[in-house]
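Take a look at the structure shown here. The paragraphs after it walk through a few of its parts.

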2 protein chains.
Amino acid sequence: MTDRLTVDVSLDQGRAYSILIGRGLLDEAGVRIASLGARAAVIVSDSNVAALYADRLRTSLEAAGLRSGLVTVAPGEASKSYATYAEVCDGLLAHKVERGDIVVALGGGVVGDLAGFAAATLRRGVRFVQAPTSLLAQVDSSVGGKTGINSPLGKNLIGAFHQPRLVLADTATLDTLSEREMRAGYAEVAKYGLIGDAAFFDWCEAHWAGIFSGGPERDEAVAICCRSKAGVVVRDEREDGERALLNLGHTFGHALERLTGYDSDRLVHGEGVAIGLALAFRFSARLGLCPGQDAGRVANHLALAGLPTSLAAVPGGCGDADALLDAMAQDKKVRDGALTFILARGIGQSFIAPGIDAAEVRAFLTDELLAG
Amino acid sequence: MTDRLTVDVSLDQGRAYSILIGRGLLDEAGVRIASLGARAAVIVSDSNVAALYADRLRTSLEAAGLRSGLVTVAPGEASKSYATYAEVCDGLLAHKVERGDIVVALGGGVVGDLAGFAAATLRRGVRFVQAPTSLLAQVDSSVGGKTGINSPLGKNLIGAFHQPRLVLADTATLDTLSEREMRAGYAEVAKYGLIGDAAFFDWCEAHWAGIFSGGPERDEAVAICCRSKAGVVVRDEREDGERALLNLGHTFGHALERLTGYDSDRLVHGEGVAIGLALAFRFSARLGLCPGQDAGRVANHLALAGLPTSLAAVPGGCGDADALLDAMAQDKKVRDGALTFILARGIGQSFIAPGIDAAEVRAFLTDELLAG
């Protein structure tokens with residue numbers, strides 16, 4: 001096996017793990033998973049991804065002496081439901097997954113969250129491996145141990161912290177992503193620069209096209225993002241503090257997803273995040289926290305990459321300022337009725353801003369809606 | 001507040017908690033839960049227990065300044081299902097349980113397991129308090145952090161380790177238990193003596209009637225059992241070793257529950273355990289590990305307390321030896337096809353016996369069935 005770009009997530013208590021990044025990693029999955037000491041590895045995937053990659057992954061697992069199996073769910077956010085969670089758990093049990101065995105999540109963020117939660121709770125916890133096949137999953141959701149499903153009362157309200165034992169980010173799988181999914185994932189890439197790494201945002205401005213086309217920039221960007229996220233997770237696994245910075249753009253973004261009924265034809269997560277990033281910077285500028293030119297630079301770059309950056313870009317609209325505010329107040333990060341935002345003093349200088357006055361937010365959103 | 005019998009569960013990382021034991025503790029619940037620093041405490045209970053105790057508990061919570069709420073499920077093992085789990089989670093969310101709030105499990109083992117699992121996974125984990133109202137829950141299931149539900153493929157196959165922050169065992173609530181439930185719980189009491197405390201088994205033989213009648217022996221027995229379980233849990237929280245001893249009688253018992261379709265009209269958990277304890281000692285004697293007189297003493301004492309001690313006592317029968325063996329082999333504690341039992345070298349001298357030959361078990365069960 002070739003050496004691979006590696007990011008170590010240095011958690012304690014035997015929970016440290018590696019993120020491997022590179023083209024063709026799926027074909028090495030068997031050997032690498034077998035080295036964790038398992039007997040069986042059962043894959044959870046969605047029908048789209050399974051059709052593309054499940055056979056290759058199973059061949060690799062079986063060649064390494066692992067018994068393999070496959071549990072398939074429907075693609076899309078609707079699979080992060082109680083009902084599909086039960087189907088996945090029972091499917092894994094039907095494949096006789098025992099305590100020492102491994103669940104492999106093969107797919108994007110939905111599959112990773114769902115399979116991870118099933119692994120976290122099957123027999124009170126079995127090990128799992130993330131094999132993310134979307135850019136969003138490779139740079140964000142596959143790292144850090146947040147797993148879960150949606151309740152009818154809100155997104156990601158049911159779940160567990162359950163760290164993977166290994167992340168295999170085969171960047172060649174991104175070749176089969178649609179342009180739209182690629183762009184949506186790119187919003188999360190740019191986010192890492194905006195949170196705390198201005199130099200990486202500069203680099204993104206210069207090299208983003210290589211990430212999309214699959215050049216070496218892609219692997220490099222995934223590694224930089226994973227290293228950034230791994231650092232945050234190690235310092236604040238349970239989001240008691242710093243980890244909340246990763247939600248930059250997400251308070252607005254989640255509200256937009258909610259108001260568009262989680263209808264991916266209208267808006268996917270990364271698009272909501274892109275609009276949310278642009279809004280977070282413009283709101284920061286309005287509050288006098290951040291130079292207006294930084295807010296402009298953020299919106300310009302996201303737009304150049306083909307991402308939406310304003311409320312007017314939401315297909316079918318997103319309601320008025322009060323509807324947006326209500327949708328934000330349901331966010332689980334709201335405490336005691338006060339609104340907490342992640343704001344910025346500039347590119348790469350984000351911070352947690354608790355106790356933001358709802359009236360300020362309403363006025364900002366009203367102006368944004370008028371601006372069109 | 002009066003001083004209460006207290007057992008400390010000395011876990012690390014801020015997860016240490018106390019078990020308080022005594023009559024009337026429900027009326028102190030508010031003050032004691034408020035001292036954990038919560039704003040709201042939402043109760044999960046079943047309709048039988050809620051009718052008896054929910055108002056008192058809510059009055060106590062509200063008097064201590066806590067916002068309270070109540071989510072009710074149907075009584076019985078059938079509520080440990082995916083569907084009821086979803087209902088409980090959504091019910092807690094509808095009561096606006098936030099990360100800093102507390103879920104209170106008010107009821108027997110079913111409610112504790114179900115509410116604990118909901119708490120473990122709601123918003124990726126909120127705190128919970130056990131207020132067990134059955135003897136079985138007070139001496140066993142409310143302590144140690146095992147939470148979960150059943151899958152159609154087996155019992156307790158879905159769950160999480162999630163320690164309570166406090167256990168309030170109001171022993172006066174046992175006054176409203178049926179004789180049958182009381183007896184079933186008593187099987188778990190006797191189990192602690194049989195596992196590792198011969199002196200406690202002696203004490204049980206002398207004082208069991210006081211446990212049933214609600215004398216001071218009841219509180220004392222609950223405290224001794226909790227102290228015993230707490231010690232095991234602290235040493236082996238995740239059941240990598242010693243904790244498996246708590247399954248004495250349970251491999252047989254779970255198989256009998258499975259074969260009677262988890263129909264509590266036929267067999268409740270504690271009755272399965274009582275038969276399982278008698279079988280574990282007779283099997284140990286048959287293997288030459290344990291004096292036959294100890295096996296006799298175990299069966300005699302359980303029978304004196306009104307518990308079943310043989311396969312013939314299962315209403316409607318339990319199938320033949322192969323059916324029993326199959327039901328045991330599905331138990332999640334089976335590894336690599338080998339049968340692991342908890343056996344004993346005498347009263348108070350249990351041990352983990354891996355690799356027990358299935359043929360030996362089959363022959364033993366066949367003779368047990370013939371003996372009638």
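Asn156(B) sits in strand β8 of chain B, residues 154-161. Helices (H or I, at least four residues) and strands (E, at least two) are DSSP runs, numbered from the N terminus. Asn156(B) is not a glycine, yet its phi is positive, about 55 degrees. Is Asn156(B) buried or exposed? Asn156(B) is buried, with a relative accessible area of 12%. Buried means under 20% relative accessible area, exposed means over 50%, and partly exposed lies in between (1.4 Å probe, protein chains only).

This is a predicted model, where local features need pLDDT of at least 70, side-chain atom pairs count only at pLDDT 80 or more, and totals for chains, interfaces and linings use all residues. Residues are numbered from 1 along each chain as its sequence is written, chains are lettered from A and ligands numbered from 1 in the order in which they are written, and side-chain values use heavy atoms, with hydrogens and water left out.

How confident is the predictor? pLDDT is its confidence in each residue, from 0 to 100. Chain A averages a pLDDT of 94, and 97% of the residues score at least 70. Residues 332-336 of chain A stay under 50. For that stretch the model has 17 contacts beyond four places in sequence. Contact means heavy atoms within 4.5 Å.

Now compare the two chains. Chain A can be laid on chain B by a turn of 180 degrees and a shift of 0.0 Å along the axis, with an RMSD of 0.0 Å. That is the relation of a two-fold axis. In chain A, the C-alpha nearest the axis belongs to Tyr82(A), 3.8 Å from it. The copies are superposed by least squares on the C-alpha atoms of residues with pLDDT of at least 70 in both. Of the interface residues of chain A, 100% are also interface residues in chain B, so the copies meet through the same surface.

Next comes the largest pocket. Its volume is about 2100 Å³. Of the 49 residues that line this pocket, the closest to its centre are Arg15(A), Phe161(A), Arg238(A), Phe161(B) and Arg238(B). A pocket is an open set of points on a 1 Å grid over the protein atoms alone, where a 1.4 Å probe fits, with protein on both sides within 12 Å along at least five of seven lines; lining residues have an atom within 4 Å of a point. In the lining, α4 and β8 of chain A and α4 and β8 of chain B each supply at least two residues. The lining divides into 10 nonpolar, 13 polar and 26 charged residues. Asp, Glu, Lys and Arg count as charged.

Back in chain A, Arg123(A) lies in the loop between α4 (109-121) and β6 (127-132). Arg123(A) has a positive phi of about 50 degrees, although it is not a glycine. Arg123(A) is buried, at 7% relative accessible area.

Helix α9 of chain A, residues 250-259, is mostly covered. Nine of its 10 residues are buried, among them His250(A), Phe252(A) and Leu256(A). These buried residues pack against several elements of chain A, including β8, α6 (179-196) and α10 (269-286). Gly261(A) follows α9(A), and its phi is positive, near 60 degrees.

Finally, find Val49(B) in helix α2 of chain B, residues 47-63. Val49(B) is buried, with a relative accessible area of 11%. Not counting residues up to four places away in sequence, Val49(B) touches Ala54(B), Leu106(B), Gly107(B) and Thr133(B).

Terms used. Points joined across faces, edges and corners; volume = space filled by probe spheres on them. pLDDT = per-residue confidence, 0-100.
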